[in-house]
Amino acid sequence: MVWTETLERFPYPFKEDVYRYSNNSVPMENPISVEMNSRYVEEIKLKRQLLSDHPERCFQSLPHSIKAQWEAAALVMEQLAGAYPETFSLKKNGREWTFQNKTLNEMQSFTYGDTASLDHEPLDFVGRHVQEDLILMMQRDGDLYLDAGQLCFPANWSLAFNLGMKFRQIHHPIPGFKEEGLDSRILKFLLRLESGVPWERKNWSLMAGDRLDTSLETFDEWGKLRKTVTRDNAGEFVHLRIEVQKLFRLPQTHSILFTIHTYVISLERFCENPEWKRQFYEILKELPPHITDYKGIGRYKGAVLAYLEEQL
Amino acid sequence: MKKVRKYIIIADEKGLELLRPLFRHSMTVEMLSFNEELADQLARQKIGTYLYAALPWQQLAQVRKWAEDAGFSDEEAEYMGYGEKEQHVYCCRCHAVGKDTVKCGECGLLLELSDHYSSLHDAYLAYPVL
């Protein structure tokens, strides 16, 4: 599912020549939780295959999340119908709703709030119509809990393991995150998120290979590929992985919908933009070990730098 | 009338020793013991009650679960364990929870134990050895 559209449309994640962890969220210009692009049909097919082959890996929920799941699903369906009327429609007659996906030629009628009227839980249902992964964080006792999620394209983490965790527990493995007080500051920011004012941020990493499904459950398969990166194959083989993450407050249940749209582009293609190439080279060269190690780049950073130097 | 916070203590003899430094004479304290009625007793407490539990790790995990089911939040409870702690390991590949920190007993994956803990699974995450 590698990027084949024009580079202008690629979500370039960097601002400065030095990268550090930060709360780099910005208010959204175009407030929509999900976006369709030319990879839609292909990625939905892959998502549904993963959901069918590995249901426990790709969808998890706690029983008390159902109401918030409905609220999240309603938001996504309404936004899809509003932003892409040629593809989606949502008709409401009281609690009797009909959602239509014309691209996939699918129509689903259901009773809003009645989970038995769907084949899947609400978040799992709506997630099968969008390219994004959908995470639901519920707020109580001054904290945020990961109480439901549909996750097919994780960047090396396990939804099944993280289910029910608090925000800071989830981020415990990130070196320096706690020590710099970032976990508490970002949590405070999220707890104050307001309905109607959504935020977004971009996250990035490098990967050896181009698979979208880099789940922790399959890390033993794809992680090994890091050993095979060389200066000569880096351009084709190494990919930048960008996550566009969006945050929406759901006012009725006071929970947060967190959507993740993952974009993958080969280093070679990325470097067609000379300014991106220059800036990424500076960032990577300067990147401290605690970040390279956590992002899993440590083993082949040298090969990528050598490749970039050759191109400059 | 001045409202007085109620404190509950669940502890055995050794646990009481651990808790002693935390207490003042002026506190309103009720002692409960670890038995089958405890879950119900916890569920009957009023909002605002504070819980101290000091027990062997395994009993403590059970008390914590009952207390959380009864609605005690982390701000309303303190848990102190002692003795041998059984460590559970969560295999990242097959999700099995076991005790072996080197190899998953279920799928055979060679494991590298981390300090990432899940209270839902009561286990530490183990990554594959690459």
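## An enclosed strand in chain A

Both faces of β9(A) are covered: A:Val238, A:Leu240, A:Ile242, A:Val244, A:Lys246, A:Phe248 and A:Leu250 are buried on one side, and A:His239, A:Arg241, A:Glu243, A:Gln245, A:Leu247 and A:Arg249 are buried on the other. Here buried means under 20% relative accessible area, exposed means over 50%, and partly exposed lies in between (1.4 Å probe, protein chains only). In a regular strand the side chains alternate between the two faces of the sheet. Because 13 of the 13 residues of β9(A) are buried, the strand is largely enclosed by the rest of the structure.

This is a predicted model, in which local features need pLDDT of at least 70, side-chain atom pairs count only at pLDDT 80 or more, and totals for chains, interfaces and linings use all residues. Residues are numbered from 1 along each chain as its sequence is written, chains are lettered from A and ligands numbered from 1 in the order in which they are written, and side-chain values use heavy atoms, with hydrogens and water left out.

## Partners of the strand

Helices (H or I, at least four residues) and strands (E, at least two) are DSSP runs, numbered from the N terminus; two strands pair if DSSP finds at least two bridges between them. β9(A) pairs with β8(A) in the antiparallel sense over 10 bridges, and A:Gln245 of β9(A) has A:Arg201 opposite. β9(A) is also joined to β10(A) by 12 bridges, again running antiparallel. In that pairing A:Arg241 stands opposite A:Val264 in β10(A).

A hairpin is formed by β9(A) and β10(A), with four residues between them; A:His254 in the turn has a positive phi of about 55 degrees. A:Ser266 lies in strand β10 (residues 255–266) of chain A and is buried, with a relative accessible area of 11%. Leaving aside neighbours within four places in sequence, A:Ser266 is in contact with A:Val2, A:Gly235, A:Glu236, A:Val238 and A:His239, where contact means heavy atoms within 4.5 Å.

## A covered helix

Helix α7 (residues 182–191) of chain A is mostly covered, with seven of its 10 residues buried. The buried residues of α7(A) are A:Leu182, A:Asp183, A:Ile186, A:Leu187, A:Phe189, A:Leu190 and A:Leu191. Their cover includes β6 (133–140), β7 (143–150), α6, β8 (199–208), β9 (238–250) and β10 of chain A.

## A sheet in chain B

In chain B, four strands form an open sheet in the order β6-β5-β8-β7, with mixed pairing. β6 (97–98) and β7 (111–118) of chain B stand at the edges, each with a single partner strand, so one side of each is left without a neighbour in the sheet. β7(B) pairs with strand β8 (residues 123–128) of chain B in the antiparallel sense over five bridges. B:Leu111 stands opposite B:Pro128 in β8(B).

## Where the chains meet

The contact takes 22 residues from chain A and 21 residues from chain B. The area buried between the two chains is about 1800 Å², of which carbon and sulfur atoms give 63%; buried area is the accessible area (1.4 Å probe) that two parts lose on being put together, summed over both. A:Phe161, A:Leu216 and A:Asp220 supply 34% of the area that chain A buries against chain B, more than any other three residues.

Two salt bridges are counted between chain A and chain B, a salt bridge being a side-chain nitrogen of Lys or Arg within 4 Å of a carboxyl oxygen of Asp or Glu. One salt bridge joins the side chains of B:Arg93 and A:Asp220 (2.7 Å, N to O).
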